Amino acid sequence: MDSGDIVGTGDYDVETKREKLKSLLSQLLADPILADVPKNPTLSDVVTLVSLEKGSAMRPSIVKLDGSSLDVAVMNSATLKDLKLLIKKKVNEMEQANMGHRHISWKHVWSNFCLSWNNEKLLDDDAVLQDVGIRNNSQIAFVPYVTKKGPGRHSKRKKHRLFRSLHKTC
């Protein structure tokens, strides 16, 4: 037997072990107790969920425009930007599971909508959620983001209405 055969056997053992691990992980994740663990958890997901159990993370609820909500687990030190990234990840996972691949333009979402908590728009991506007052089980809502009009400027929403009315008259 030459060294090439040993490497081939070793690769087979690694692949067999990987498949056994995936099978075991699938069985564990099917347990209702672990229902909040994502289908393909990353190390970061697991660390956040363990921190949630220890009290060093929180699970705010994000209320979407249609009234439905989704829960995300974030560290207590998370910023608004971290929360937005988690929302993007969670929504993309849900869309993938429900409808297959569907592209969502998050640039469009965040330029037209923002998050709001306690009737205050959250606009500073660097703001720490806890410093703003967000805690475990807080309800954060998506709201339309309309910039204030300055002299000679229209908000984005009004520009769209203006262009629609121009197209109708042509």
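**Basis.** I worked from a predicted model, in which local features need pLDDT of at least 70, side-chain atom pairs count only at pLDDT 80 or more, and totals for chains, interfaces and linings use all residues. Residues are numbered from 1 along each chain as its sequence is written, and side-chain values use heavy atoms, without hydrogens and water.

**Pocket.** I looked up the lining of the second largest pocket and found 15 residues, of which Lys64, Val91, Glu95, Ile104 and Trp106 lie nearest its centre. A pocket here is an open set of points on a 1 Å grid over the protein atoms alone, where a 1.4 Å probe fits, with protein on both sides within 12 Å along at least five of seven lines; lining residues have an atom within 4 Å of a point. Helix H3 (80-99) and helix H4 (106-112) each supply at least two lining residues, and H3 gives the most, with six. Helices are DSSP runs of H or I of at least four residues, and strands are E runs of at least two, numbered from the N terminus.

**Leu25.** I located Leu25 in helix H1 (residues 3-29). Leu25 is partly exposed, at a relative accessible area of 39% (buried is under 20%, exposed over 50%, partly exposed in between; 1.4 Å probe, protein chains only).

**Positive phi.** I noted a phi near 55° for Asn118, which sits in the loop between strand E5 (113-117) and strand E6 (120-122). For Asn137 I noted a phi near 70°; this residue is exposed, with a relative accessible area of 58%. Most residues other than glycine have a negative phi.
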